[in-house]
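Let's take a walk through this one, starting with a single chain and ending with how the copies relate. Keep the structure open as you read.

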Protein chains: 2
Amino acid sequence: MVGEHAVYNGKIIMQSEAVVPVTLREVQSGFYVYESLRVIQAHPVHLEDHLLRLEASAKLINLTYPFNREEIASWVHALIEVDLVENASLRIQIYGGMQPQLFITTSEILTYPESFYTEGVKTFTYEGERLLPGAKNGNLLLNYIALEEARRQGCFEALLVDSEHKILEGTRSNFFAIKDGKLFTAQDEKVLLGITRDRVIKAAKQFGLQILYEAPSVEQVLAGSYDELFISATSMAAMPVSRVNGTIVGTTFALTREICSLVRQWELED
Amino acid sequence: MVGEHAVYNGKIIMQSEAVVPVTLREVQSGFYVYESLRVIQAHPVHLEDHLLRLEASAKLINLTYPFNREEIASWVHALIEVDLVENASLRIQIYGGMQPQLFITTSEILTYPESFYTEGVKTFTYEGERLLPGAKNGNLLLNYIALEEARRQGCFEALLVDSEHKILEGTRSNFFAIKDGKLFTAQDEKVLLGITRDRVIKAAKQFGLQILYEAPSVEQVLAGSYDELFISATSMAAMPVSRVNGTIVGTTFALTREICSLVRQWELED
């Protein structure tokens with residue numbers, strides 16, 4: 001059963017025992033790196049990519065840990081087996097410090113209503129830049145606060161805007177815009193290098209789109225300068241955006257939906 | 001015994017049971033507020049000020065909790081009693097979310113060698129600004145990384161520098177400079193409003209110093225433009241700074257030490 005067991009430093013434990021002391025400085029400071037991935041038909045999707053990024057995140061924040069990709073992968077498979085997991089969201093989380101602590105946990109797979117993909121979702125802009133955006137780390141208060149504010153406003157996602165009014169990424173997604181055969185998204189060094197972002201870019205190229213690493217500005221977006229806007233994440237694939245700050249920015253999402261289908265197809269072929 | 005018990009939502013528990021699930025979004029996101037204070041001779045120093053700031057921090061990050069100052073104070077006293085605490089560092093930490101979780105824990109009191117006060121400490125500048133600096137919240141990765149880097153360089157504290165090259169505060173302290181009868185420190189809205197910072201300013205006024213809310217720049221500091229530099233925190237009171245990035249910036253600390261003594265005296269009179 002999903003969420004029954006967990007892994008702690010290689011050992012299978014009950015997931016209810018996957019806890020950390022509130023007195024530990026690394027816990028207090030969010031000094032951890034993590035990955036979220038999908039398990040589909042008992043297969044952890046793009047696991048190797050996620051483990052490579054986990055290592056890259058750790059390096060970026062100077063978190064050293066005594067684990068390697070092969071053993072973490074074997075623990076992921078062991079957990080999937082012991083809980084007979086078919087479909088799930090799976091999280092690998094490593095706290096740093098003198099005694100690094102690695103947890104692997106599972107939860108019900110995140111899915112969204114089909115209407116989100118046909119009608120698009122509402123979003124909301126929030127000013128703020130992430131610390132060390134290239135690292136998937138525990139510094140998530142900005143993301144948490146921005147997303148809560150978005151939800152209070154009836155939105156699905158908050159889009160983080162930098163000091164130059166550019167939309168860099170969502171709180172748990174990457175951000176894209178399409179216009180006249182071109183796909184726009186922020187430069188690599190300014191955002192989280194999403195595993196799904198990579199797939200989206202690859203899919204866009206297959207559909208003949210030119211890729212431009214320029215983050216769209218809030219002004220351009222609100223002025224309706226783009227044909228389609230969407231966000232991407234492991235759980236979402238490519239999800240169309242219909243509104244930003246209440247303004248309608250898209251109604252049909254032909255290319256977004258084709259990209260989405262291709263990204264989902266690749267998951268099954270992984 | 002210090003650290004034997006803890007408080008969880010008003011109940012006395014073993015401190016070893018003061019743990020949180022790694023699967024909880026608020027834990028993952030550092031969505032918490034906290035206070036650290038000193039217990040001296042079984043008395044929690046400046047407790048009311050700390051509880052007021054705790055509420056202010058919570059408000060700033062939209063963390064609502066169903067506790068009030070009076071009951072938190074009574075739990076602090078209960079913990080001090082049950083563990084027969086004489087001197088300790090005491091931490092109050094509240095995770096937000098659907099079911100807020102309040103912890104009170106104690107640890108050995110932080111003290112520093114007398115030589116730190118007579119000779120000053122080495123510091124190191126680190127570029128980075130805190131999110132919502134006025135709130136004492138769980139977004140501490142910048143502080144953690146900067147302090148670890150400082151320690152690797154043999155320094156006691158990292159000084160956080162903003163995009164205009166101003167030294168705003170330390171990773172766990174406020175920052176001050178003295179020159180010609182004037183005390184310089186960053187504006188209120190840019191830093192954590194330290195309980196000890198308040199006391200330092202009050203003490204400086206008593207010694208006839210004029211208070212100027214202007215953060216010193218790295219250039220001015222390294223050029224030796226100030227007579228004395230120091231940092232303040234609950235655990236440190238006022239601690240003189242002898243070096244910044246390897247440059248000697250102070251050797252005698254007459255005023256800093258007088259301010260430090262007065263701040264410590266007020267703790268005993270609380």
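**Two domains, two copies**

Chain A splits into domain 1, covering 5-107, and domain 2, covering 115-269. Bear in mind that this is a predicted model. The centres of the two domains of chain A, taken over C-alpha atoms, sit 26 Å apart, and their contact draws on 17 residues from domain 1 and 19 residues from domain 2.

How much area is buried between domain 1 and domain 2 of chain A? About 1600 Å², with carbon and sulfur atoms giving 60% of it. On the domain 1 side, look for Y34(A), R38(A) and R53(A): they supply 37% of the area that this domain buries against domain 2, more than any other three residues. The interface between these domains also holds 2 salt bridges. R38(A) makes a salt bridge with E267(A), where the closest N and O atoms are 3.2 Å apart.

Now for the sheet. Its 6 strands form an open, antiparallel arrangement in the order β2-β1-β7-β6-β4-β5 of chain A, which leaves β2 (11-14) and β5 (43-44) at the edges, each paired on one side only. Strand β1 (residues 5-8) of chain A joins β2(A) through 4 antiparallel bridges, and A6(A) faces I13(A) of β2(A). Helix α2 (residues 47-60) of chain A packs on this sheet, touching β4 (32-40), β5 and β6 (88-95), and its direction makes about 175° with that of β4(A). Helix α3 (residues 69-82) of chain A lies across β1, β2, β4, β5, β6 and β7 (101-107), at about 35° to β7(A).

Definitions and conventions. Residues are numbered from 1 along each chain as its sequence is written. Chains are lettered from A and ligands numbered from 1 in the order in which they are written. This is a predicted model: local features need pLDDT of at least 70, side-chain atom pairs count only at pLDDT 80 or more; totals for chains, interfaces and linings use all residues. Side-chain values use heavy atoms; hydrogens and water are left out. Two strands pair if DSSP finds at least two bridges between them. Helices (H or I, at least four residues) and strands (E, at least two) are DSSP runs, numbered from the N terminus. Contact means heavy atoms within 4.5 Å. Axes are lines fitted to C-alpha atoms, for helices over the stretch in contact, and angles run from 0 to 180 degrees between N-to-C directions. Domain bounds come from an automatic or database domain assignment. Buried area is the accessible area (1.4 Å probe) that two parts lose on being put together, summed over both. A salt bridge is a side-chain nitrogen of Lys or Arg within 4 Å of a carboxyl oxygen of Asp or Glu.
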